[in-house]
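Here is a short briefing on how two chains pack together. Please read it with the structure open beside you.

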Amino acid sequence: MANNTTHTIEYTTLAKILLVLLFMTFLTIGITSYHLGSLTVTVALLIAGFKAFMVLTNFMHLKYESVLLRILVALVFVLFAVIVIITFIDYAFR
Amino acid sequence: MSEKIAHIEEHRDDEASKFGMWLFIFTELLLFGGLFLVYSIFRAQYPVSFHEGSLELSVTIGAINTVVLLFSSMTVAMALTAMQKNNQKLAMILIGITLFCAAVFMFNKYIEWGAKFHHGLYPGSELMHLLDRGHHLYFSLYFFMTGLHALHIIIGMTLLFVCLFKVKNASINNKDYVLLENGALYWHLVDLIWIFLFPLMYLIT
């Protein structure tokens with residue numbers, strides 16, 4: 001019986017988000033063609049992270065969702081980050 | 001007096017429906033997350049091999065696939081907007097475009113994998129076994145991760161096809177569109193995974 005009160009995102013807004021995402025994509029390709037050494041991965045991942053953030057908040061509606069859901073999504077990414085860090089620490093001390 | 005059969009209002013909880021989909025998405029994120037973890041450990045151990053491996057991939061096709069998926073994410077989000085505005089025809093067209101984009105992606109994948117197979121490079125092949133550890137790991141991860149991702153594209157396409165038919169027969173409408181919302185969420189997840197897969201597989205310097 002709960003009505004669907006999902007916020008409606010306008011077509012033009014969605015199109016603008018796509019343009020940002022496409023720009024970020026070509027930025028990544030451009031940057032990775034330069035040899036920045038070990039920094040390249042970091043930059044590429046940061047841009048990818050930003051693209052993911054745009055998709056999550058806009059296309060996937062998180063910007064308009066409940067606080068609970070947003071916290072849970074953030075927690076999942078934090079959990080993943082912790083797992084990665086701990087694994088790398090483990091390998092570093094073998 | 002005609003007997004009136006009490007019409008029991010079907011209990012619907014759209015918020016819970018969406019929540020359930022998100023919980024499933026969390027499991028998918030951790031599934032691919034685990035694979036990304038394996039990838040990152042081995043890339044850190046074999047940086048040169050991974051770079052050399054990535055040279056065998058076509059950045060052009062990878063970029064086209066990225067653009068196609070990002071575009072399809074927009075179209076499926078627009079389809080939801082169309083449904084909310086009660087524009088059934090536009091919603092169907094937009095879902096159709098999303099499905100077409102998915103097909104383009106799968107076709108490109110077929111070309112890429114086909115090229116690898118043609119050169120004798122596939123999981124378990126003799127050539128694979130001749131590769132040194134670093135290269136072997138790279139290509140094993142390439143096939144597994146892009147393969148699993150492609151499987152998710154197929155699942156997403158199936159979900160969206162179901163949504164398309166339901167929009168057509170109005171069981172998804174502007175009063176009840178949570179199924180389309182959830183289908184779109186799954187599609188965005190597929191896009192999200194590719195956003196990380198592309199730079200990590202194709203753009204290694």
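In chain B, helix α7 is mostly covered, as 23 of its 25 residues are buried. The model is predicted, with scores of ipTM 0.92 and pTM 0.92. Chain B has an average pLDDT of 94, and 96% of the residues score at least 70.

- The 25 residues of α7(B) should span 36 Å at 1.5 Å a residue, and the end C-alpha atoms are 36 Å apart, which agrees.
- Helix α3 of chain A covers residues 67-92, which makes 26 residues.
- From the first C-alpha of α3(A) to the last is 37 Å, close to the 38 Å expected at 1.5 Å a residue.
- Is α3(A) largely covered or in the open? The number of buried residues among its 26 is zero, so α3(A) lies largely in the open.

**The largest nonpolar core**

- This core has 62 residues, and those that touch the most other members are B:A79, B:M83, B:I95, B:V167, B:L180 and B:L197.
- Both chains take part: α1 (11-32) and α2 of chain A, and α3, α4, α6 (133-168) and α7 of chain B, each supply at least two residues of the core.
- The helix that gives the most to the core is α7(B), with 17 residues.
- B:I95 is in contact with B:V76, B:A79, B:L160, B:C163, B:L164 and B:V167, leaving aside its neighbours within four places in sequence.

**Where the chains meet**

- The contact between the chains involves 41 residues of chain B and 33 residues of chain A.
- On the side of chain B that touches chain A, α1 (14-45), α3 (59-84) and α7 (178-202) of chain B each supply at least two residues.
- Which helix gives the most to this side of chain B? That helix is α3(B), with twelve residues.
- Sorted by class, the side of chain B that touches chain A has 23 nonpolar residues, nine polar and nine charged.

**Domains of chain A**

- Chain A is divided into domain 1, residues 9-60, and domain 2, residues 64-94.
- The centres of domain 1 and domain 2 of chain A, taken over C-alpha atoms, are separated by 21 Å.

**Loop residues and positive phi**

- Most residues other than glycine have a negative phi.
- A:H61 has a phi near 70°, a positive value in a residue other than glycine.
- A:H61 sits in the loop between α2 (39-59) and α3 of chain A.
- A:H61 has 20 other C-beta atoms within 10 Å, so it counts as buried, the cut-off being 20 or more.
- B:N86 also has a positive phi, near 65°, and is a residue other than glycine.
- B:N86 belongs to the loop between α3 and α4 (88-118) of chain B.
- Is B:N86 buried or exposed? With 12 other C-beta atoms within 10 Å, B:N86 is exposed, since 12 or fewer is the limit for that class.
- B:N87 is placed in the loop between α3 and α4 of chain B.
- B:N87 is partly exposed, because it has 15 other C-beta atoms within 10 Å.
- B:N87 and B:N174 are 87 residues apart in sequence, and their C-alpha atoms are 8.3 Å apart in space.

Conventions: Residues numbered from 1 in each chain as written. Chains lettered and ligands numbered in written order. Predicted model: local features only at pLDDT ≥ 70, side-chain atom pairs only at ≥ 80, totals over all residues. Contact = placed C-beta atoms within 7 Å. Helix = DSSP H or I, 4+ residues; strand = E, 2+ residues; numbered from the N terminus. Nonpolar A, V, L, I, M, F, W, Y, C, P; charged D, E, K, R; others polar. Domains from an automatic or database assignment. Expected span 1.5 Å × (residues − 1). pLDDT = per-residue confidence, 0-100. Core = buried A, V, L, I, M, F, W, Y, C linked by C-beta atoms within 7 Å.
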